[in-house]
Amino acid sequence: MENQTYIQWKKSMVRAAKKMKTPIVGHYELTACCNLDCKMCFIHNADSNALRARELSTETWKRIFDEAYDSGLFFAALSGGECLMRSDFEELYLHLWKKRVRVGVLTNGTLISDGHVEFFRKYPPDFVRVSLYGCSEEGYLQVTGHKGFEKAVSAIRKLRDAKIRVSVVVTPSSYMKDEYIGIRRYCIENGFPCQSNNFLLLKNRECPEKDDHFLSIDDIVELSKAQYELSNGPAIPVEITPEPHGNSKVSPKGLTCNAGAGAAVVSWDGRMYPCVMLPIGDVSLLEMSYAEAWEKTKEAVGEMLLGMECVGCPYDDVCPKCPAMRLTGLYTGHCKPEVCELSRRLVAAGVKKLPDPGQAVPEAESCD
Amino acid sequence: MKLKDGFLLRTVAGQTVVLPTGDELDLNMMITLNDTGKFLWERLNEDTTEDALVQALLGEYDVDEATARIAVSNFVKKLSENGFLA
């Protein structure tokens, strides 16, 4: 019996699972429906009967959860679309919770009622992460097409007051360029824990042709600098930076993160992927068991070719660890040139610092 | 000496975790047991003594009595401090 914090304990469990290739983390997209109409998203006010008819039934999700539990599931995250749009949300949540699976909830927060707060107080989630799309009602409306800022913020306050582990998530996109720093500042001022997802350089799994949400490299550097300076004061530019380069002629195989090693995603229509950002494997849980799908997902991940330029690259430590971010297209074996440029420019801007020679580079961790 | 009711063990990825079975779930109280801890925990589901636990350890593991006695004593102390003993 060791004395450690909950987060330390969770990380140690996930590390052990990654080593043993046990799917201890499960991310379940319960629905493709959403009550918002975000410009950067592939879902737009989707609440049609046709879409709902393609969603998995309550019983199918329970079967998947049971099989996942038998395969080693310990940490689940429920998302969507907007997962609170499912009328059976609490039933599905409790199905996992009663098995003592730690259940996290990813939501836009606008549908969280006093009843939900009481429910979460009684059956504590591992976390509630509320995506925030603006720092004012007007900004929120511009991005999502709906007035939801006050609702989301009120929900965050109520959850926090109920001692539920709640935080804010921001996913920077071209449509949130003017709001991003405002959200970060708002969270600091209001004492909300806040984390940013990766800047969107990624194709959307459901809608790969969509790219209007991408930020330019200039924008990302500008936002990153402003975010850095919010917490750290002025960034000090670096005049000379090395050329990004690798020292391998061969692309390494297999992912370095937890995707497909200790974590799996199940989409709203029942397909398993190693990560929400990596549409590989792509096996249907309507056709096979969780354990069988996991085997195929692991196999697909093991065959993935990573960027040969990344091996020995001086920017390896400051570059996004996320393999999906680094890769151009899929399994090509080369790093995306924009990622190399971005890393160099972030170092040049003083936002990121290259490690001292000989300093150990941290292992990539799950971004659950 | 015996464990309180309301806990179960679950082993995932080689890690054995103590889980509360009631609806009062303290997210901050997560206990992971090593092999020896799991062995002793399972014996503490029935009323037992430190001497009996030492003997059980000696029967299961290649360990000398002094080491086993210290291990049992430390384990029982931690269980008691964390409120696991009835």
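What follows is a working chat about a predicted model.

Trainee: What share of chain A counts as buried?

Mentor: Of the 368 residues in chain A, 52% count as buried. As for the contacts in chain A with a separation of 6 or more, 73% of them are accounted for by residues 24 or more positions apart.

Trainee: What about the surface, and where do the charges sit on average?

Mentor: Chain A has an accessible surface of about 16200 Å², and 51% of that belongs to carbon and sulfur atoms.

Trainee: Let's look at one helix. Which residues of α6 in chain A are buried?

Mentor: Helix α6 of chain A runs over residues 137–144, and within this helix A:Gly139, A:Tyr140, A:Val143 and A:Thr144 are buried. Seen down the axis of α6(A), these buried residues fall within an arc of 110°, so they line one face of the helix.

Trainee: What covers them, and what comes just after α6(A)?

Mentor: The cover over the buried residues of α6(A) includes α7 of chain A, which is residues 149–161. Just after α6(A) comes A:Gly145, which takes a positive phi of about 80°.

Trainee: Switching to A:Lys62, is that residue buried or exposed?

Mentor: A:Lys62 lies in helix α3 of chain A, residues 58–71, and A:Lys62 is buried, because its relative accessible area is 15%, under the 20% cut-off.

Trainee: Which residues is A:Lys62 in contact with, if we leave out neighbours within four places in sequence?

Mentor: With those neighbours set aside, A:Lys62 is in contact with A:Glu91, A:Leu92 and A:His95.

Trainee: Which residues does the cis peptide bond join?

Mentor: The cis peptide bond joins A:Gly80 and A:Gly81, with omega at about 20°, and A:Gly81 is found in the loop between β2 (75–79) and α4 (89–97) of chain A.

Trainee: Where is A:Arg100, and what is its phi?

Mentor: A:Arg100 is found in the loop between α4 and β3 (102–107) of chain A, and its phi is near 70°, a positive value in a residue other than glycine. A:Arg100 counts as buried, at 3% relative accessibility.

Trainee: And over in chain B, what is the phi of B:Ala13?

Mentor: Phi of B:Ala13 is near 50°, a positive value in a residue other than glycine. B:Ala13 has its place in the loop between β1 (7–12) and β2 (15–20) of chain B, and B:Ala13 is buried, with a relative accessible area of 10%.

Trainee: Last one: where does A:Ser48 lie, and how far is A:Ser48 from A:Leu132?

Mentor: A:Ser48 lies in the loop between β1 (25–29) and α2 (49–54) of chain A, where A:Ser48 counts as partly exposed at 33% relative accessibility. A:Ser48 and A:Leu132 are 84 residues apart in sequence, and from C-alpha to C-alpha they are 24 Å apart in space.

Conventions
Residues are numbered from 1 along each chain as its sequence is written. Chains are lettered from A and ligands numbered from 1 in the order in which they are written. This is a predicted model: local features need pLDDT of at least 70, side-chain atom pairs count only at pLDDT 80 or more; totals for chains, interfaces and linings use all residues. Side-chain values use heavy atoms; hydrogens and water are left out. Buried means under 20% relative accessible area, exposed over 50%, partly exposed in between (1.4 Å probe, protein chains only). Contact means heavy atoms within 4.5 Å. Accessible areas come from the Shrake-Rupley method with a 1.4 Å probe; for residues, only the protein chains shown count as cover. Helices (H or I, at least four residues) and strands (E, at least two) are DSSP runs, numbered from the N terminus. The arc is that of the directions from the helix axis to the C-beta atoms.
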